[in-house]
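Keep your viewer open as you read.

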Amino acid sequence: MDAPIRLSALLKGLPTGLLVEELPERDPQVSGIQLDSRKIRPGDLFVALSGGSVDGHRFIRDAIQRGAAAIVGSQPQQEVLSSGDLAASPYVRVGDGRRALAHLSAGFYRFPARKLTMIGVTGTDGKTTTCNLIYQILQAAGLAVGMISTVSARIGDEELDTGFHVTTPEAPDVQRYLAKMVAGGLTHVVLEATSHGLAQDRIGACDFDIGVVTNITHEHLDYHGSYAAYRAAKARLFSGLGQVKKTFYPPQRAILNHDDASFDYLADLVEVPPVSYGLGPEADVRAEQLHAMPQGQEFFAVTPHERFPVTTHLIGTFNIANCLAAISATVEVLGLPVEAAQRGIAALQTIPGRMEACDLGQSFTALVDFAHTPNALRQALETARQMARSADPAGRVIAVFGSAGLRDRLKRRMMAEVSAELADLTVLTAEDPRSESLADILDEMAAGARARGAVEGRSFWRVPDRGQAIRHALAMAQPGDVVIVCGKGHEQSMCFGEIEYPWDDRVALRAALAEYLGIPGPDMPYLPTQAQG
């Protein structure tokens, strides 16, 4: 049970100007913070958030009836509360509910980030992999480290699932995880920062010391509206570096990708010293003598101070860049030994759902990857091409993927265009259509494929049911080919309408392979498209 704290103490921790009105006269004890009125327990503070699909101010009376100690909102109190409501729970008006939620959550847990060295990792692709690489290097150096990613939160020996569809957890959960890390004696934290998490202040008051960017490419324009707005959301990680001075003086640096289009923009914005990484000679930390192997890659990492060999089990040139980002943060900025970087990178065997192989004895390679953006799909298919050529000069790449409904529509055509250019055969299928017409989504993707010269029925197919699409790809595979199923990775559900159906691409691929080989295996997960084939 977390120790209660007075409302006045919480409010004093808010940034200057965030409070719109005077502090209320009543000063109750607060025993928890909630943004969902259904989860309110007596003594909790309810923060009513505007925006999104639901306005939290509509549920203030429900929160009061459930015993909320106080209410925080951004609307005038006369619009959301009666005098009777105020008698039960004082109301505090703020200018920005999400920003307030972050700082109130941090205050409730006694600002845990101020007691930790905080490393934030953002970018369109490669965030989870880079987080894991940094985590492994810190562990190899003997440091007590935790991690909060879109896959899970690791706190010592405990691993907590962070949800079905991946994004940064909400601010109360983030701060609770950080408080548990402080209580457990941890000293360093690696936190994956999504654009939604940054734009919605879910990681506000996390007081980052080191910020890392992997890349900023085309993604989430449905939410952000434009690439400039999306890039600006990512940049919030860097504009906040070094704003809170900590008593133990951790280094405060920005780790930027010299090879990415975001480099000049971020380099002009950061107020802490930057460190660049990349494959070119201009980068501060770079790679030389790259060598691909059947089970990974070798290269030499070159920093301003030393040059050393690195071996990684991760495949693809993009993962060399992720390794360089991790080396920049740990060896170059934190000053950790080269040996820790070598051991940590070598220790990471795979990332769930990232170029993850499924081998049941078939004569071709079968992979699952999370690639769900045009850039990530390009990288995944280029890597698949290298794998196919190394297995058989005539080996082909067969791609299976879709594009989500109620999300960035532009990338539908773009991803199909990428696959038409880089894969030999493409199977377009369902991927979280939500309330959109799956047929319409596939029409848009098919138009993109045709625009790059693909011919339906010869080089690309539309198979609405994802399980059947995987079966279709396997039926076309020949010895030496690479079949790669992209878009879902480690995710555990797929959304049709408003229903999340249990789904794991890795289970589906094993089920289809077992059927193909005529051996025992898992059942194909159910989706409502099964009747359509």
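Which residue caps the N-terminal end of α16? Ser437 does, with a side-chain oxygen 3.4 Å from the backbone nitrogen of Ala439. Before going further, a word on what you are looking at: this is a predicted model, in which local features need pLDDT of at least 70 and side-chain atom pairs count only at pLDDT 80 or more, while totals for chains, interfaces and linings use all residues. Residues are numbered from 1 along each chain as its sequence is written, and side-chain values use heavy atoms, with hydrogens and water left out.

Let's stay with helix α16, residues 438-451. Helices here are DSSP runs of H or I with at least four residues, strands are runs of E with at least two, and both are numbered from the N terminus. Just after the helix, Gly453 takes a positive phi of about 90°.

Now turn to α6, residues 127-140. The 14 residues of α6 should also span 20 Å at 1.5 Å a residue, and the 20 Å between its end C-alpha atoms agrees. How enclosed is α6 by the rest of the structure? Largely so, because 12 of its 14 residues are buried. The buried stretch includes Lys127 and Asn132 as well as Leu133, Ile134 and Leu138.

From helices we move to strands. Strand β16 (residues 296-302) is mostly covered, with five of its seven residues buried. On one side, strand β15 (residues 285-293) pairs with β16 in the antiparallel sense over six bridges; two strands count as paired if DSSP finds at least two bridges between them. A hairpin of two residues joins β15 to β16, and His291 stands opposite Glu298 in β16. Strand β17 (residues 307-312) also pairs with β16 in the antiparallel sense, over six bridges. This hairpin has four residues between its strands, and Phe300 stands opposite Pro309 in β17.

Strand β15 holds a backbone detail worth a look. Most residues other than glycine have a negative phi, and most peptide bonds are trans. Gln289, found in β15, has a positive phi of about 55° although it is not a glycine. At 56% relative accessibility, Gln289 counts as exposed.

Next comes the loop between α8 (195-199) and β12 (210-213), where Asp207 has its place. Is Asp207 buried or exposed? Asp207 is buried, with a relative accessible area of 14%. Its side chain makes a polar contact of 3.4 Å with that of Arg114; such a contact is a pair of N or O atoms within 3.5 Å, where within protein one must be able to donate a hydrogen and the other to accept it, and residues adjacent in sequence count only if both atoms are side-chain atoms. Leaving aside neighbours within four places in sequence, Asp207 is in contact (heavy atoms within 4.5 Å) with Ala113, Arg114, Met118, Val244 and Lys246.

Ala205 sits in the loop between α8 and β12 too. Its phi is near 65°, a positive value in a residue other than glycine, and at 12% relative accessibility Ala205 counts as buried.Ala205 leads us to the second largest pocket, with about 480 Å³ of space. Of the 22 residues that line this pocket, the closest to its centre are His103, Gly204, Ala205, Gly240 and Gln243. A pocket is an open set of points on a 1 Å grid over the protein atoms alone, where a 1.4 Å probe fits, with protein on both sides within 12 Å along at least five of seven lines; lining residues have an atom within 4 Å of a point. Grid points are joined across faces, edges and corners, and the volume is the space filled by probe spheres set on them. The largest share of the lining, three residues, comes from α10.

Definitions and conventions:
Expected span 1.5 Å × (residues − 1). Buried < 20%, exposed > 50% of the residue type's maximum accessible area, 1.4 Å probe, protein only.
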